[in-house]
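Dear colleague,

I am handing over the structure below, and after it I set out what was found. Please read the notes alongside the coordinates.

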Amino acid sequence: MEERYLLELRGVSRRISSEFYLRGINLALRPGEVHALVGRNASGKSTLFSTIMGVFTPDSGQVLIDGQPAEIRNTSDAVKNGLILVAQHQQMFANLPVYENLFFGNELRMGGKLGLVDNRRMLHRCEEVFRQMNVQIDPRAPMGNLTDAERQLTAIARAIVTDGRIILLDEPSTHLNESEKQRLYDAIAGLKQEGRAFLIISHDLNEVLAVADTISVMEDGEIVRSAPAGEFDEKALIEAVYGIKSENIYYRERPEAGKEVLRLEDFSGPNFSGVSLSLRAGQVTAFMGGAQSGKLSVARSLAGLCKTGGRVYLNGGLLEIPSPITAVRAGIVLASSQADEEEIRESEIAVNAGKRDTSASRMAISAKRLMASVGKALGNYVMLRPQQEYITGGNRQRELVERAMRKQAFVYLLCEPTAGVDIPAKMRLYFEMNKLLQKGAAVLWLTADIDEAFGLCDNIAVMRDGRLALSGSAAGLSREAVQEAIGAAAQ
Ligand SMILES: Nc1ncnc2c1ncn2[C@@H]1O[C@H](COP(=O)(O)OP(=O)(O)OP(=O)(O)O)[C@@H](O)[C@H]1O
């Protein structure tokens, strides 16, 4: 009997630019299967997703849905065929309740298409889908109150209410900690049982091994190897994808710790208090914690982006950080998000232009950020248009961190530097970071990756519920202790 595939690509090719082509892609997805796409940055994973979703139509080859040739010329054709893309950092409306976000653009109505929005039915359906996924999220809560993991689960629930049978997940667990990832994997496992299938792009090879039934390796627009996940272990996968021996990934020189560069005493700010921590020259500290643990707030506060209390000493001297410009001038650099980067740059420009860094100018910046995020959220619902200037997901993150690392500073606060970044690019970032340490800088490295924390970092500090829950040298801490401290944060 012929095997039944939900989705099949036969020899799909597409010219994306003068330099990049998708070439002869063959891929088949069965009901209940999870198929992972792995490969270096810019190997073509996202373009393959865009091609499946009808953003790029194939120049040659065939796409079949349920064994029948399908014409998918745009995203609404894709949705009609049961295909749904859950993008990385899916934008949602923070002020709207979860259930309204779930149905945004596809509202259930009383009567025909033009009838009144049926909130009760939407609420009911939302509860039903969450139950089915075995997740406990309050459908009436404002979206903005959700953790990253809950947002990701809601994005998947949105795919289900839109009747997605083939769900494409782009880096689904970036920024999630171990227990949050587990919730996501459990939800995927439940949905597999119902016969839904997943295509997943991930740079996290442990994740790929945990969830995938089949793994395809992409290289320069082609699938160069496709095999059942059981044929790989982590080492083999790293070698197959990157041609790198896995034991070399975290190699770095480890000089003696130098003098104390940064000292926090009873440091407090939005969502955190009583944080006392010391960073030494030549050392990198992994800064970990679940969603809402306060770790990002600590870093942003040190960069002058929030109001703070307590004491900060830089190279032995007491430091007030009322604004981003004071942090920059003192030698504290932050790499977190493009919005933060812009706010810091605007603070510098305002001061350089002779304006005082007043709260009014900061409010103007906040209003601009708000408009930008509304624009982005709206943009996402008409999304998936090919962009003029295209930078791949992983490269954008890496460039942000690299820009920060090129600045002269005593302290570097680097948030999730390697999220969505492939292993060779990670190794380059580790190499650049090591150069900063050799120059005597201290680095706070925010990460959700426990292998990276233990492999790369000298010290590990964990935030929980706005407090420092654990801190010590990586050599003196156990994985279990760190995981337990983080896990408690995710409760
Ligand atoms: N709209 C576009 N216009 C021009 N070039 C594009 C476009 N979209 C993608 N590309 C190019 O196609 C190549 C593959 O990019 P793609 O985003 O698919 O890689 P990826 O494997 O998903 O990377 P990453 O892991 O960094 O997210 C890159 O060289 C990229 O610059």
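**Helix pair and strands**

Helix α5 (residues 148-161) packs with helix α6 (residues 178-193) at an angle of about 15 degrees, their axes lying 9 Å apart, where axes are lines fitted to C-alpha atoms, for helices over the stretch in contact, and angles run from 0 to 180 degrees between N-to-C directions. That makes α5 roughly parallel to α6, a label for angles under 35 degrees. In this contact A149, Q152, L153 and I156 of α5 meet E180, R183, L184 and A187 of α6, contact being scored when C-beta atoms, placed from the backbone, lie within 7 Å.

This is a predicted model, in which local features need pLDDT of at least 70 and side-chain atom pairs count only at pLDDT 80 or more, while totals for chains, interfaces and linings use all residues. Residues are numbered from 1 along each chain as its sequence is written; helices (H or I, at least four residues) and strands (E, at least two) are DSSP runs, numbered from the N terminus.

Four strands form an open sheet with antiparallel pairing, in the order β2-β1-β4-β5, two strands being paired if DSSP finds at least two bridges between them. Its edge strands are β2 (21-29) and β5 (68-69), each pairing on one side only. Helix α1 (residues 45-52) packs on this sheet, touching β1 (7-15) and β2, and its direction makes about 70 degrees with that of β2. Between β4 (residues 60-65) and β5 there are two bridges, and L64 stands opposite P69 of β5.

Elsewhere, six bridges join the antiparallel strands β19 (residues 459-464) and β20 (residues 467-473), with R464 opposite R467 in β20.

Best regards

Note on methods
Angles under 35 degrees count as roughly parallel, over 145 as roughly antiparallel, 65 to 115 as roughly perpendicular and the rest as oblique. Two residues are in contact if their C-beta atoms, placed from the backbone, lie within 7 Å.
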